[in-house]
Amino acid sequence: MTTHETPLDSVLETIGETPLVRVQASPSEVPVYAKVESFNPGASVKDRIGKYMVEAMLERGELEPGGTVIEPTAGNTGIGFAIAAGQLDVNAVFVVPERFSVEKQQLMDALGAEVINTPTDEGMGGAIDRAHQLADEMENAVVPQQFSNPLNVEAHYETTGPEIFEALDGEVGAVVAGCGTAGTLMGIAEYALERDPDVHVTAVEPEGSVYSETQGEDVEEADYKIEGIGTHDLDTNELFDPSLVDEVLQVSDRHAHDELKRLAAEEGHLVASSSGAASAAARHVAERIRDGEIDAPHDSVVTVFPDSSERYLSKGIYRSFEEWEG
Ligand code: PMP
């Protein structure tokens, strides 16, 4: 891991090289290691794609200096893009449905981005349509589209995956990660399977999300409180490639909430609900490797903690399960 022993030129250089920390509650025979992404400057995994995608679009000429990125996003992706855009002479506009967390919108604003609200009842679809309409009306504006842009996967193939393998000297038995856009899991899995085609890959989603349907399972669609992972419409999640995934595990809101509170109380991790879900699923995979139910090339499991709980305090993340607004 880089220890940043020398002074850095910009905050962009602090993105990535996050610590990989053992989950202490995982079985000693098959430890789980979590990549703790709140160590990034915008406190989430999405700083990686913000930097990677803006730099790549500038290099390819898809975006010119002084141009504008317009992304429909309710959260961490906006913060990640806003940090990168601000440092790379690019303007950032985010189209956000009204109901989404005010904390994140305040951070985007502080980073110099423009936030445009769309009506809550038009959902994310309304925000996506408005982003494209704005891009058509403006000169030199692009919509990066994290849900369909292969650069999202590439960011993790080039950074997160290699960092994990380096930290564990290549001894990775299984990869377990939550899927929102699925960029994180796809990028790590692609890299891992190239290094060793036997690495076991588990996608994690909330109960009520429909990624499991790609495994031929009947899913009872329902709303969930876990934030940042899951989908109700597989057509919008173009990056998810079921052929790279051995299984999709569903985690209930209650289980994710219990685990995120346990991670704080017992292990000192201030992480949010998608981390709780990832940790619960990764521990389950580790136990099955230990018990001989899963064949993995090494006795280790890697997962990702995507962001921090501080961003969700106003939604009562540390209150009782019933009081947590999700
Ligand atoms: N957790 C949180 C809190 C997120 O914001 C996201 C991004 N939607 C994810 C997990 C999932 O990451 P990805 O989009 O790469 O699947």
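Because the model is predicted, local features need pLDDT of at least 70 and side-chain atom pairs count only at pLDDT 80 or more, whereas totals for chains, interfaces and linings use all residues. Residues are numbered from 1 along each chain as its sequence is written.

We start with the sheet. Six strands form an open sheet in the order β1-β2-β10-β7-β8-β9, and the pairing is mixed. The names follow DSSP runs, numbered from the N terminus, in which a strand (E) has at least two residues and a helix (H or I) at least four, and two strands are said to pair if DSSP finds at least two bridges between them. In general, strands of a sheet pair through backbone hydrogen bonds, either parallel or antiparallel. At the edges stand β1 (20–23) and β9 (247–251), each with a single partner strand, so one side of each is left without a neighbour in the sheet. On average, neighbouring strands of this sheet are turned by 30° against each other, direction ignored; the axes behind such angles are lines fitted to C-alpha atoms, for helices over the stretch in contact, and angles in general run from 0 to 180 degrees between N-to-C directions.

Which strand pairs with β1 in the antiparallel sense? The partner is β2 (residues 32–36), joined to β1 over four bridges. Within this pairing, Leu20 has Lys35 as its bridge partner, and Val21 stands opposite Ala34. Val21, which is found in β1, also touches Tyr33, Ala34 and Val36, not counting residues up to four places away in sequence, where touching means that the C-beta atoms, placed from the backbone, lie within 7 Å. The C-alpha atoms of Val21 and Lys35 are separated by 6.5 Å, although these residues are 14 residues apart along the chain.

How enclosed a residue is can be judged from its neighbours: a residue is buried if 20 or more other C-beta atoms lie within 10 Å of its own, exposed if 12 or fewer, and partly exposed in between, with C-beta atoms placed from the backbone. Val21 has 16 C-beta neighbours inside 10 Å and therefore counts as partly exposed. In β2, by contrast, five of the five residues are buried, so this strand is largely enclosed by the rest of the structure. In a regular strand the side chains alternate between the two faces of the sheet. In β2, Val32, Ala34 and Val36 point one way, while Tyr33 and Lys35 point the other way. Five bridges join β2 to β10, and these two strands run parallel; here Ala34 has Thr303 of β10 as its bridge partner.

Moving on along the sheet, β10 (residues 301–305) pairs with β7 in the parallel sense over three bridges, and Val302 of β10 stands opposite Val175. Is β7 (residues 174–178) largely buried or exposed? Five of its five residues are buried, so β7 is largely enclosed by the rest of the structure. Ala174, Val176 and Gly178 point one way from this strand, and Val175 and Ala177 the other way. β7 is also joined by five bridges to β8 (residues 200–206), and these strands run parallel. From β7 the chain crosses through helix α6 (residues 183–195) to β8, and this β-α-β crossover is right-handed, meaning that, with the strands pointing away from the viewer, the path from the first strand over the helix to the second runs clockwise. Helix α6 lies across β7, β8 and β10, running at about 165° to β7.

The model also holds a ligand. It is surrounded by 16 residues, of which the closest are Gly180, Thr181, Thr184, Gly228 and Ser274; a residue counts as near if its C-beta atom, placed from the backbone, lies within 6 Å. This shell divides into five nonpolar, nine polar and two charged residues, where Ala, Val, Leu, Ile, Met, Phe, Trp, Tyr, Cys and Pro count as nonpolar, Asp, Glu, Lys and Arg as charged, and the others, Gly among them, as polar.

Two further residues complete the tour. Gly230 has its place in the loop between β8 and β9, and with 24 C-beta neighbours inside 10 Å it counts as buried. Gly230 and Gly180 are 50 residues apart in sequence, yet 5.2 Å apart in space, C-alpha to C-alpha. Leu313, found in the segment after β10, is partly exposed, with 13 other C-beta atoms within 10 Å.

Terms used: Contact = placed C-beta atoms within 7 Å.
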